[in-house]
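User: Could you show me how to read a cavity in a protein model? I am new to this.

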Amino acid sequence: LAHVAKGLRLETLHPALRVLDLWRGPYLWTQHFKIVFLRMISFSMDYYWAHHDDDQQVHINGSGGDSYAAISPLANPAGFSDRASGLDYKARQATALPISDYSFAAYIAYVLYPPLYIAGPTTTFNAFTSYVTNPCKVCSWKSLSFYGARVLFALSLLEVSTHYLYLWSLGLRKDLWLSYGPLAVGCLGYLTLMQLWLKFLVIWRFFRFWALLDNVDVPENMRRCVSNNYSFRQFWRDWHSSFNRWIVRYMYIPMGGSQYKLLAIFPIFTFVAMWHDLDSKLFIWGWMMSLFFVPEIIISSVWSLPALSGLRAKWYAKYLRSFVCSFNILLMMTVNLLGFGVGVEAVTDFWRVLLKPESRGILLNVLLILFSGTQLMFKYREREQRAAALCCPSPVKPPRQRQACGILPSAPSSSSSSSSSAFLPSSPFPDDRSTGR
């Protein structure tokens, strides 16, 4: 209600507080309260599990085969290794603290921690407090300086792109979309998503860099470029990775985990949409994401059946996967443009232009480009898996020191992303096949 009313006026609480309403500031508290809300839940749940050892053990070990250690192939996306304490981020998050650490002072410090207060990335109370009470140097100053330089470069690139590319202004002019040609419409939609990705990358990397200066490790968001995704599950896991881990820890596993995977998707994405904003287009985004998740999970499960092992071994299997993933990418572009880009009407006009008879050649070329791009994505992920399995340096795996500071994300190592085990690999939720990894 405060968000709808553009902020709660303090004079409604007491007339003497009217003077404080004159100092509202440029950034209303309701705009970042959703981040605070996640921290409030994290503190409460971690405190509850610390009091109930049995529930904590069930949550860590999983329900129905959901090993918490297997929630993501990159439970610690930054690849941090706390040599001084022997605990990485995943271990700090899953380890209950002494009851005395769940104090009101610790709660206030966690909720109002300046580097993460406005936009995150999201971190759990256990992990945050562990870094406060058991600090260690998470990376060298050389690596941290390089990380900061990359943030500065991304910010400069964002400034240049927004200065010369008027993508949002063009996108919001709904009357112009139908007047554009199909090639212009396709480029406008793609570049809008790229600029959206760059904007969030700058925001999250900047605040994470600030936290790293304080020797507090938080999960890395935007672990892959937006152009390097072909699966709804993979995209969701890598885009807002820290929020995805929060969802898995505090919603997905308590709701039954993989035993009720298909039933959990819809309430989870309804919550995610409502958490972002009370906007109809975001609810449509959430429900469309849920709708496309279901067939992707079903197809992946069917494709991994032993009875289809012969088909997976065929030379044309990878081309079949690329064909389906090409359409998946178009659907992902549509859903994210609708929810976080130009809105429902503009996306409708977008497809109205692309589906014109004279535009079919352009659409066919786009699918051909996406088909070729997914082949490269498959190859890149295979090299990542080999590098992770061998635990040795590779051309696609960054040096250990740069990995340790999260300069580049570690190589994913999910068994579900193997070309022989999944049709649309990688899941934001625990996969039954990954239990025990």
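**Reading a cavity**

Analyst: Gladly! By class, the lining of the second largest cavity has three nonpolar, five polar and one charged residues. Here Ala, Val, Leu, Ile, Met, Phe, Trp, Tyr, Cys and Pro count as nonpolar, Asp, Glu, Lys and Arg as charged, and the others, Gly among them, as polar. This is a predicted model, where local features need pLDDT of at least 70 and side-chain atom pairs count only at pLDDT 80 or more, while totals for chains, interfaces and linings use all residues. Residues are numbered from 1 along each chain as its sequence is written, and side-chain values use heavy atoms, leaving out hydrogens and water.

User: What is a cavity, and how many of 30 Å³ or more does the search find?

Analyst: On a 1 Å grid over the protein atoms alone, a cavity is a set of points where a 1.4 Å probe fits but cannot get out.

User: Which residues line the second largest cavity?

Analyst: Lining residues have an atom within 4 Å of a point. In this case they are Y89, Q93, T122, T123, T124, P219, S242, R245 and W246. Two or more of them come from each of α3 (89-94) and α12 (241-252), and α12 gives the most, with three residues.

User: How many helices and strands does the protein have?

Analyst: Helices (H or I, at least four residues) and strands (E, at least two) are DSSP runs, numbered from the N terminus. The protein has 19 helices and zero strands.

Key:
1 Å grid on protein atoms, 1.4 Å probe; cavity = no way out; pocket = protein on both sides within 12 Å on 5 of 7 lines; lining within 4 Å.
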